[in-house]
Amino acid sequence: MSHSVRLEIGFTQPLGSSVVEEGVNFAVYAPQAKHILLCLFDSSGHSEVLTLPMNMNEGGVWTLLVSPLKKGALYGFRADGEYAPDKGVFFNKHKLLLDPYAQDFYGEFTWSERHYGQMPVGTLSEVNNAIDMPKSRVGEVKPYSGKRPNHSWGKTVIYECHVKGATCRHPDIPKPLQGKFLGLSHPRFIEHLRTLGITCLELLPVQAFISEQFLTAKGLQNYWGYNTLNFFTPHKDYLVKDDVSEFQDMVATLHKADIEVILDVVYNHTAEAGTDGPLLSLRGLDNLGYYRTVAEKPSHYINDTGCGNTLNIDSPRTLQLVLDSLRYWVEIMGVDGFRFDLATILGRNPNGFNQAHSFLQAINQDPVLNKVKLIAEPWDIGPGGYQLGAFPAPWREWNDQYRDTVRRFWKQEPGLIGELAKRLHGSFDLFEHNLRGPLNSINFITSHDGFTLADLVSYEQKHNEANGEQNRDGHSANYSFNCGVEGFTNDAKVSSLRLQQQKNMLLTLLLSKGVPMLASGSEMAHSQGGNNNAYCQNNRTSWLAWKDSQLSHPLTRFIDDVLRLRKQFSVFKHRFFVHDDDTRYDVAWFTEEGNAMQQDDWHEAERQFLMYSLTDKHTHQALLIILNAGSEAVSCQLPHLEKAKWQLAVSSIHPISANEDMEQQIAAMSSWVFTANSED
């Protein structure tokens, strides 16, 4: 880099670094700083070759246009001003800060005492942290130009997976691509997704993240990625050649295969932790603007996330940062939507959750973001944090009530038939009040957080000792069961029952109204050894164990069979709830004798049998679903049809068989599906 450069005031928009003719414009928001220094580094990232004062502009944006300079230049910011933790102010010119808008960076983050503003506590640290900080890198990524699938919600089937864990052990994917973005777009993985019937890949966090220091001290890593360092840069460990355009290539290839890409995003907190945490980016530029603090004690963070800090989405500049990041991932990187971690926080005002929050309104009117898929995890740990059903249209929500009800039913808990019926038909009690329908419910049995599907039927207790917290972490209310033996077993009967129970829950999920989501590994009975909080297990506990037999695993074939059936029935694409006066569809509930369920039947606490039909009045297609969670077989009379016969389509027991007459023996702990068409 030549040290002979031309300096101009620069432009306040866009924020971050942007290539302008022969130079690069830098813009960063730091309204309370006295000085901002732009630090330019050599290509190795080790030597700070130029330190240039930036120019203050109205609104608190500092700018500088440097020429000649081009794409690939390495830089960082230093913010000088008052350092007063008791006031919530953390300016320290000795700390190199990552550009909040950096689209790329170079080098690795290393934990050290150099990142802290005070060392020891109470003494201003004058130690330069640059050696342990990645350097922001000037990027110039072209907008995404591929054709998007644009699947309707009625067609969507989500597969939630971890970038590394999905392919790092796949024998048919080239070693350099295993565990990378390009591994997910390899033909063999795409073939697997298409075999399952997946239309949408939901990726655990891919925005650049780091491991918490308490984990690295124990020799562990943050595997899931819910500890964001930067909101624009793809996680560098998932790149093959350190080229962020690999992410675009992955998306484009998946789109050509008719598969959408949704990102799990973490805009509720950052990796800067609590007030005693490091100075990495936002805290060193505008702590009181970017983070929520206690009004009368600005040195104290509001911690509605449980992670030390909470982003202050009420701040216009923080809101801008989040919206700019979201648009970047849509317009530049090509993604089709987002799942928002702890989304209640994004709708919080000081007085609690607000359906008309500026963030939700901004999303709704944004011409880019109001066209993508939006999914909320509708809770946080703050006051009034549980907000399932409270988000406005067009938001979808993770439905944990669906998850828990289905688990409890197959666990044989009593008194759940009425609750189960609500969940199977889209949870009208949660979504209809604000003019939303069954497709606003994201239905799931398992996700990254909690037991895998195989462990759900293999463990009654969590086994998280490997996390180093004496098994205190992770949820204790899992509604799991072990089919008679805790953990691994060679008992053929126990193993057979576990497979059957996994099929029961998969059938229930895939033939419920709503949008189904499968956790990766469900299709191959992936086990984490009973660990229900494997966030720090970057090892074989979490990585899918691909084998030749896994590619044709009975659960893979079963999912394919049930999803093929689902796609044949338009009732699962219907955007509205079906009531008695519905002109298109009919829902009917039956007793074991084939008679209509009466009020008293619904209140039988010990009833663990549910039979119901879904009929399309226009096409005359009918679907009959039978769920028997009881420990005894049930002699069942199928409902009478005038002009057709019920045909067995799929069952959780193998081999499946059915009588030619209307009476069926429904095995214990099994699920059955029959179809009929009166016009056949």
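Predicted model: local features only at pLDDT ≥ 70, side-chain atom pairs only at ≥ 80, totals over all residues.
This note walks through the sheets, cavities, pockets, cysteines and a few single residues of the structure above.

1. **Ground rules.** Residues are numbered from 1 along each chain as its sequence is written, and side-chain values use heavy atoms, with hydrogens and water left out.

2. **The barrel.** Eight strands form a barrel with parallel pairing, and their order is S13-S14-S15-S18-S21-S22-S23-S24. On average, neighbouring strands of this sheet are turned by 25° against each other, direction ignored. Strands here are DSSP runs of E with at least two residues, helices are runs of H or I with at least four, and both are numbered from the N terminus. Two strands pair if DSSP finds at least two bridges between them. Axes are lines fitted to C-alpha atoms, for helices over the stretch in contact, and angles run from 0 to 180 degrees between N-to-C directions.

3. **Where S13 meets S24.** Strand S13 (residues 158-161) and strand S24 (residues 515-519) run parallel and are joined by three bridges. To find one of them on screen, look for Tyr159, whose bridge partner in S24 is Leu518.

4. **The open sheet.** Five strands make an open sheet with antiparallel pairing, in the order S5-S4-S8-S12-S11. Strand S5 (48-53) and strand S11 (105-106) are at its edges; each has a single partner strand, so one side of each is left without a neighbour in the sheet. S5 pairs with strand S4 (residues 35-41) over five bridges in the antiparallel sense. Phe41 has Glu48 of S5 as its bridge partner.

5. Five cavities of 30 Å³ or more are counted. A cavity is a set of points on a 1 Å grid over the protein atoms alone where a 1.4 Å probe fits but cannot get out, and lining residues have an atom within 4 Å of a point. Grid points are joined across faces, edges and corners, and a volume is the space filled by probe spheres set on the points. The largest cavity has a volume of about 260 Å³. Its lining has 24 residues, and those closest to the centre are His448, Ser520, His526, Gln528 and Ser542. S13, helix H1 (163-167) and helix H12 (453-456) each give at least two residues to this lining. By class, the lining of the largest cavity holds 11 nonpolar, 12 polar and one charged. For these classes, Ala, Val, Leu, Ile, Met, Phe, Trp, Tyr, Cys and Pro count as nonpolar, Asp, Glu, Lys and Arg as charged, and the others, Gly among them, as polar.

6. **The second largest cavity.** This one holds about 100 Å³ of space. Residues lining the second largest cavity include Pro100, Phe231, Glu272 and Tyr291. Seven nonpolar, four polar and one charged residue make up that lining.

7. **The pockets.** A pocket, by contrast, is an open set with protein on both sides within 12 Å along at least five of seven lines. The largest pocket has a volume of about 1300 Å³. It is lined by 48 residues, with Trp224, Thr305, Cys307, Asp449 and Asn533 nearest its centre. Helix H4 (213-216) and helix H9 (400-410) are the elements giving two or more residues to this lining, and H9 has the largest share, four residues. The second largest pocket contains about 650 Å³ of space. Of its 28 lining residues, Glu108, Phe209, Ile210, His235 and Asp237 are the closest to its centre.

8. **Cysteines.** The structure has zero disulfides, a disulfide being a pair of cysteine sulfur atoms within 2.5 Å. For Cys200, the nearest cysteine sulfur is that of Cys161, 10 Å away. Cys200 is buried at a relative accessible area of 0%, and Cys483 is buried at 16%. Buried means under 20% relative accessible area, exposed over 50%, and partly exposed in between (1.4 Å probe, protein chains only).

9. **Two residues to look up.** Leu321 sits in helix H7 (residues 316-332) and is buried, with a relative accessible area of 0%. Leu321 and Phe231 are 90 residues apart in sequence, with 8.5 Å from C-alpha to C-alpha. Lys147 belongs to the loop between strand S12 (135-137) and S13 and counts as exposed at 76% relative accessibility. Lys147 and Ala252 are 105 residues apart in sequence and 7.8 Å apart in space, C-alpha to C-alpha.
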